[in-house]
Amino acid sequence: MRRTTTLFIVTALMLPVAALSAQAVNDAQIAAIVVTANQVDIDAGKVAESSASDPQVKAFGKQMVTDHTGVNKQATDLVTKLGVTPEDNATAQSLKSGGAENVKNLSGLKGAAFDRAYIEHEVAYHQQVLDALDKTLIPGAKNAELKALLVKVRPAFVAHLEHAKMVQKSLK
Amino acid sequence: MGIRPGRGMFVVLGVLALVVVLAVLALLRTGLSADRTPGRVETLAARNLVRLSIPTAEASRRSPLNGSEAWRQGTDLFRNHCALCHGAAGRGATAIGPHMYPPVPDLASPEIQRFSDGALFAVVSHGVSWTGMPAFGRSLGESDRWKLVAFVRRTPSLTAADLIPRDGPNASTRIVMDGTSFHPDEATVDSGAVVLWANLDPFPHNVTSESGNFHSGDLAPDGTWVFRPTERGTFEYHCSLHPGMKAVLRVR
């Protein structure tokens, strides 16, 4: 049941991003998507930091908070420097509501069930963000510095995905 | 109201006395310790005071250096004279930078970048009193100081490759962590040589050898780690936080 819920949330999350690849996004919208995507994973990481039972999962959650906070600081600094005001859009909004849904779902779980649900969502989330980076955000970024920042942080998302998969494997 | 001049002076003196008393009280409460973080108002006031205190004649000076390569020479000077506090990339998050009062600023930040070239030159030359910034006017020539200004201007757009020292007799081997990978990912050094890792990513990385011979601990953004390998051999290492971030160090 829980797994179905998580799968449902993950699928629901992916739809807008898939839809997005078809349409053009401007830099202001990209800025909003990047900041929201990081914030969503920071929020989930904070929950895992306090509620996970497996030390590996706890450590992973803590690292997600650190890494995504760092990326967000750099993204915010750049956006401020460029004088771009992040523009809210459907993708950013659905990321936000998907993140809230995930946190709500996690808050009802404990122990091993929590650990599994959190990591499962992290795997799906990082895969989803990587797809968005490759199909929409990086090709869509007009400003060279914004594009460079996205290219620079992309490998971190790959590493997080690999790391999440490793943790997921060890939980089974 | 009919305040006579004499009374006006008393008011001014009273206000001044109050300011002095408040300052003394603040000092008694915190002492002159540096293990605090300056408040927003203090930071804003101090930054603007530094900028505005530079005479217009100095602030409006233009760099005599022509060409776009001045900052490259500035990179070496910066590493030798400034990186201890400012970090090799100038972002300020070194081991000691955040613990100074005021903390070492991020030179790439908009607050610093709004200083004119002339103002930056004045800061490098004269230093800033009541901070850790020394005056380099007597130890470095004018051309070198302008090269440092060029480097500071470059800090917002520095890339990993920019910081790798070009060949030279005392160039240490420098490996940067950028884009969640090591550059270069294969390095060969002599036994006893200095190897320096610099983290240019906005989140922590570490250097962990597979065999357990060396471990840097987590390096904060802009943090560096220096290691002198003495044991000869081929050492594979990675960042334990980011699987897939791997490299090799050969010691001959």
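Predicted model: local features only at pLDDT ≥ 70, side-chain atom pairs only at ≥ 80, totals over all residues.
The axes of helix α2 (residues 27–51) of chain A and helix α4 (residues 90–107) of chain A come within 9 Å and cross at roughly 5°. Because angles under 35 degrees count as roughly parallel, this crossing makes α2(A) roughly parallel to α4(A). On the side of α2(A), the contact involves A:Ala32, A:Ile33, A:Thr36, A:Ala37, A:Val40, A:Asp43, A:Ala44 and A:Val47, which meet A:Thr91, A:Ala92, A:Leu95, A:Lys96, A:Gly99, A:Asn102, A:Val103 and A:Leu106 in α4(A). By residue class, the contact of α2(A) with α4(A) divides into 10 nonpolar, four polar and two charged residues. An α-helix has 3.6 residues a turn, so residues three or four places apart point the same way.

Of the 172 residues in chain A, 39% are buried. Among contacts in chain A between residues at least 6 apart in sequence, 81% join residues at least 24 apart.

For the complex, the predictor gives an ipTM of 0.82 and a pTM of 0.60. The contact between the chains takes 17 residues from chain A and 14 residues from chain B. On the side of chain A that touches chain B, α3 (55–82) and α6 (144–171) of chain A each supply at least two residues, and the largest share, nine residues, comes from α3(A). The residues on this side of chain A comprise six nonpolar, six polar and five charged.

Chain B has an average pLDDT of 87, with 94% of the residues scoring at least 70. Within chain B, confidence is lowest in helix α9 (residues 160–163), where the mean is 68, and highest in helix α7 (residues 117–126), where it reaches 96. The buried residues of α7(B) are B:Ala119, B:Leu120, B:Phe121, B:Ala122, B:Val123 and B:Val124, and what covers them includes α2 (40–52), α3 (56–59) and α8 (142–154) of chain B. Just after α7(B), B:Gly127 adopts a positive phi of about 75°.

Chain B also contains an open sheet of four strands in the order β2-β1-β4-β6, with mixed pairing. The edge strands of this sheet are β2 (181–183) and β6 (224–227) of chain B, each of which pairs on one side only, and neighbouring strands are turned by 20° against each other on average, direction ignored. Strand β4 (residues 195–199) of chain B is joined to β6(B) by four bridges, and the two strands run antiparallel; in this pairing B:Val195 stands opposite B:Phe227 in β6(B).

An open sheet of four strands is also formed in the order β3-β8-β7-β5 (chain B), and its pairing is mixed. Here the edge strands are β3 (186–189) and β5 (208–209) of chain B, each pairing on one side only. Six bridges join strand β7 (residues 233–238) of chain B to strand β8 (residues 246–251) of chain B, and these strands run antiparallel. The bridge partner of B:Thr234 in β8(B) is B:Arg250.

Key:
Residues numbered from 1 in each chain as written. Chains lettered and ligands numbered in written order. pLDDT = per-residue confidence, 0-100. Buried ≥ 20, exposed ≤ 12 C-beta atoms within 10 Å, placed from the backbone. Contact = placed C-beta atoms within 7 Å. Pairing = 2+ DSSP bridges. Axes fitted to C-alpha atoms, helices over the stretch in contact; angles between N-to-C directions. Nonpolar A, V, L, I, M, F, W, Y, C, P; charged D, E, K, R; others polar. Parallel < 35°, antiparallel > 145°, perpendicular 65-115°, else oblique.
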